[in-house]
Amino acid sequence: MLPDHFSAAERPVRQALADHAGKARHWHLADLFADDAGRFETLSRECCGLLVDYSKQRLTGETLDLLRELARARDLEGWIRALFEGSDVNWTEARPALHWRLREQAAAAPEVHDQLARMGEIVDQVLRGQWRGCHGDAITDVVNVGVGGSDLGPLMASYALADFRPEHGRRPNLHFVSSMDGSQIAPLLNDLNPATTLIVVSSKSFTTLDTLANAETARAWLERAFPDQQRALMRCHFVGVSANPEKMSEWGIHPCNQLLFWEWVGGRFSLWSAIGLPIALTVGMQGFHELLEGAREMDRHFREAPLADNLPVILGLVDVWNINFLDITARAVLPYDGRLKHFPSYLEQLEMESNGKSVTRDGTPVDYHTCPVIWGEVGSNAQHAFYQLLHQGTQPVACDFIVAGRYVPPHGDAEGGEHQRLARQHRLTLANCLAQSRLLALGGRALPDDQHDQPAFKQYRGNQPSTTLMLDELSPRRLGSLVALYEHKVFVESVLWGINPFDQWGVEMGKVIARDMVPVLETGDGLDGLDASTRGLVRRARS
């Protein structure tokens, strides 16, 4: 039976999808490919330098027709318009979600470009060696202190784009600190020269305990190096990025060193703002604007393309099909490019913090799965780690394979034999990506005929669904398109599930409980009000 809260328009199509899924559970991908020679042409789309192949998903054209009917019953197109018109799509906080404005051109978003210009000035000074420390030394190292969206996005993109040099100047060494326990920042500071180090403190609220604890450690380190130079060290060695300038000033960040973004930018959507300062230091402002342009291209596509050709819509519908109709509630993200090492972690926050919700817009608890469990690793490493479970385990897992179709030498300066060697390595990586997705889909039928008669422990069942996303090349522009694709996919899914992807009340409650726990650990007061497990753990820690 379908839940009562589904609308009258929605119930028939959901029932049709449920009936269709009953048949689909008996399908095998090998048979779907054998029965349809044009399956790839039908079930793949290309836009913004990305080819998305979803022909290895356990679905057909009929499946997608039904899913698009569900999207229309949920008024997906109306919700897309509402997002880009600035309506309060983040209804629990009564505000719009305008992260896409961070990619708009100057005429449409002048306040955004004012901050980009200010960020460009800082980037230019650092790259040219004109930003000086207390003793007049040029900055050689930049430490980004943040957590969540203030860390994961800049870290992911900076690492992914490290092969792209700034248009001028010399890039500093970039370091990222997010762990509040001091295990990252303490050994890092021991290896840095305070005279040539710039600390970037990134926090939307500028009240996050994790970030401020590390920032205080960095300030104490600088104060030991420059006693009696408090004002100078704050002016020369700290930059703040926040939506709360008052708190930055209160903490001591000089007004000239403050970069701003806005309350309508969720942390996990903030890498396009001044939070992306480390990215700009990696690729220069020209490269950062190319990143924005790639995302802007995907924004236009999402707004304008019909549902049948709309990449974020297609990926969202595929996820909903897997999760709600085939009961596949896990997805592995498998980039076949070492530069995308941090992309799975970035998507873990983007998707699970956004859509890890269990209450609909009208306050009704959901009785269906929403966001899948997401994890991943660089594919070539994962092959030697958890692929065994994918190939022969008992869990159905959907996979996203991500790979660049074209090899581009680092900095464009590899020549002759070196270029050929690196190109061969790229072909090997691409071959592994395509082979693994083929084996996961087709199972033993992907093997040569003489290997079909194998003992049970060597057999592959296949039928694990996957989508392959092939970038023309990994560049700032194409990375921007890829990230925006996933952002919009998350929104599509939220509409079909009837949830708010732009709040994170579970995270906020965790912060409150943690804050209240600090004095208990320090003094022992309040132990009697805790559960037996936490009381025992606190006593053990205090002992």
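Predicted model: local features only at pLDDT ≥ 70, side-chain atom pairs only at ≥ 80, totals over all residues.

As a general point, residues three or four places apart in an α-helix point the same way, because the helix has 3.6 residues a turn.

## Domains and nonpolar cores

The domain assignment divides the protein into domain 1 (10-96 + 305-447 + 458-497), domain 2 (104-285) and domain 3 (508-542). Taken over C-alpha atoms, the centres of domain 2 and domain 3 are separated by 33 Å.

The largest nonpolar core holds 111 residues, of which M119, F343 and L479 touch the most other members; at least three residues of this core come from domain 1 and at least three from domain 2. A second, separate core has 25 residues, among them C134, L189, A215 and W221. In soluble globular proteins, nonpolar side chains tend to be buried together. Leaving aside residues up to four places away in sequence, F343 touches M156, V333, I402, L482, V483 and Y486.

## The cover over helix α10

In helix α10 (residues 230-237), the buried residues are L233, M234, C236 and H237. The elements that cover these buried residues include the strands β5 (197-202) and β6 (238-242), as well as the helices α9 (209-225) and α11 (245-251).

## Loop residues and backbone angles

G405 sits in the loop between β10 (398-404) and α17 (416-442), and its relative accessible area of 34% makes it partly exposed. Not counting residues up to four places away in sequence, G405 touches H426, L430, M470, L471 and D472, whereas its C-alpha atom is separated by 20 Å from that of H342, 63 residues apart along the chain.

Most residues other than glycine have a negative phi. A94, although not a glycine, has a positive phi of about 50 degrees; this residue lies in the loop between α5 (76-85) and α6 (110-127) and is exposed, with a relative accessible area of 55%. N463 is likewise not a glycine and has a positive phi of about 70 degrees. N463 is placed in the loop between α17 and β11 (466-471), and it counts as buried because its relative accessibility is 12%, under the 20% cut-off.

Terms used: Residues numbered from 1 in each chain as written. Heavy atoms only, no water. Core = buried A, V, L, I, M, F, W, Y, C linked by side-chain atoms within 4.5 Å. Buried < 20%, exposed > 50% of the residue type's maximum accessible area, 1.4 Å probe, protein only. Domains from an automatic or database assignment. Contact = heavy atoms within 4.5 Å. Helix = DSSP H or I, 4+ residues; strand = E, 2+ residues; numbered from the N terminus.
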